[in-house]
Amino acid sequence: FPGLKQNGNTSVKFEVYAVNDNEASRVDSLEGYTEGVEPHFYDKVMIDTPWGKAGLYIYVRSLEGVRIVDSGDYYLHRFSKRSKEHENNNVAHVNG
């Protein structure tokens, strides 16, 4: 699964979706995020986008043993021929 690490030096390509509060809560649950609770895998930060504020899940675990997605484009990385053998434990970095 892909993850995003805060304070990196790579730009990251991502998609922004408009969701209502109920849908946002369901995504939080899917990602194992609960506001005010110490995160196990992901923390959530709000960022500014050209479309307004968006919630972004940040990977909080160690990077030891994970493969870095240098391009910042997980889709391109995941579906390139070269990366077929490295489908798990991928992390990109985000500035901020």
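This is a short tour of the structure, stop by stop.

**Before you start**

The model is predicted: local features need pLDDT of at least 70, side-chain atom pairs count only at pLDDT 80 or more, and totals for chains, interfaces and linings use all residues. Residues are numbered from 1 along each chain as its sequence is written, and side-chain values use heavy atoms, with hydrogens and water left out.

**Stop 1: Asp28**

Select Asp28. Its place is in helix α1, residues 21-30. Helices (H or I, at least four residues) and strands (E, at least two) are DSSP runs, numbered from the N terminus. Is Asp28 buried or exposed? At 13% relative accessibility, Asp28 counts as buried. Buried means under 20% relative accessible area, exposed means over 50%, and partly exposed lies in between (1.4 Å probe, protein chains only).

Now show what surrounds Asp28. Leaving aside neighbours within four places in sequence, Asp28 is in contact with Tyr33, Lys44 and Tyr57. Contact means heavy atoms within 4.5 Å. With the side chain of Tyr57, the Asp28 side chain makes a polar contact of 2.4 Å. A polar contact is a pair of N or O atoms within 3.5 Å; within protein, one must be able to donate a hydrogen and the other to accept it, and residues adjacent in sequence count only if both atoms are side-chain atoms.

**Stop 2: the salt bridges**

Side chains of opposite charge can pair when their charged atoms come close. How many salt bridges does the structure hold? It holds three. A salt bridge is a side-chain nitrogen of Lys or Arg within 4 Å of a carboxyl oxygen of Asp or Glu.

Lys44 is partly exposed, at 23%.

Next, select Lys13 and Asp73. Their salt bridge spans 3.8 Å, N to O. Lys13 lies in the loop between β1 (2-6) and α1, and Asp73 in the loop between β4 (67-68) and α2, so the pair ties together parts that are 60 residues apart in sequence. Lys13 is exposed at 61%, while Asp73 is buried at 16%.

Then pick Asp48 and Lys53. They meet in a salt bridge of 3.0 Å, N to O. Both are exposed.

**Stop 3: the β2 and β3 strands**

Select residues 42-49 (β2) and 52-59 (β3). These strands run antiparallel, joined by eight bridges. Two strands pair if DSSP finds at least two bridges between them. A hairpin of two residues joins β2 to β3. Find Met46: its bridge partner in β3 is Gly55.

**Stop 4: the rings**

Rings of Phe, Tyr and Trp (its six-membered ring) pair if their centres lie within 6.5 Å; planes under 30 degrees apart count as stacked, over 60 as edge-to-face and the rest as tilted. The count comes to five aromatic pairs. One of them is Phe41 with Tyr42, tilted, at 6.2 Å centre to centre and 35° between the planes. Tyr42 is buried at 9%; Phe41 is partly exposed at 31%.

Last, show Arg61. Its charged end sits over the ring of Phe41, 3.9 Å from the ring centre. That means CZ of Arg or NZ of Lys is within 6 Å of the ring centre and within 35 degrees of the ring normal.
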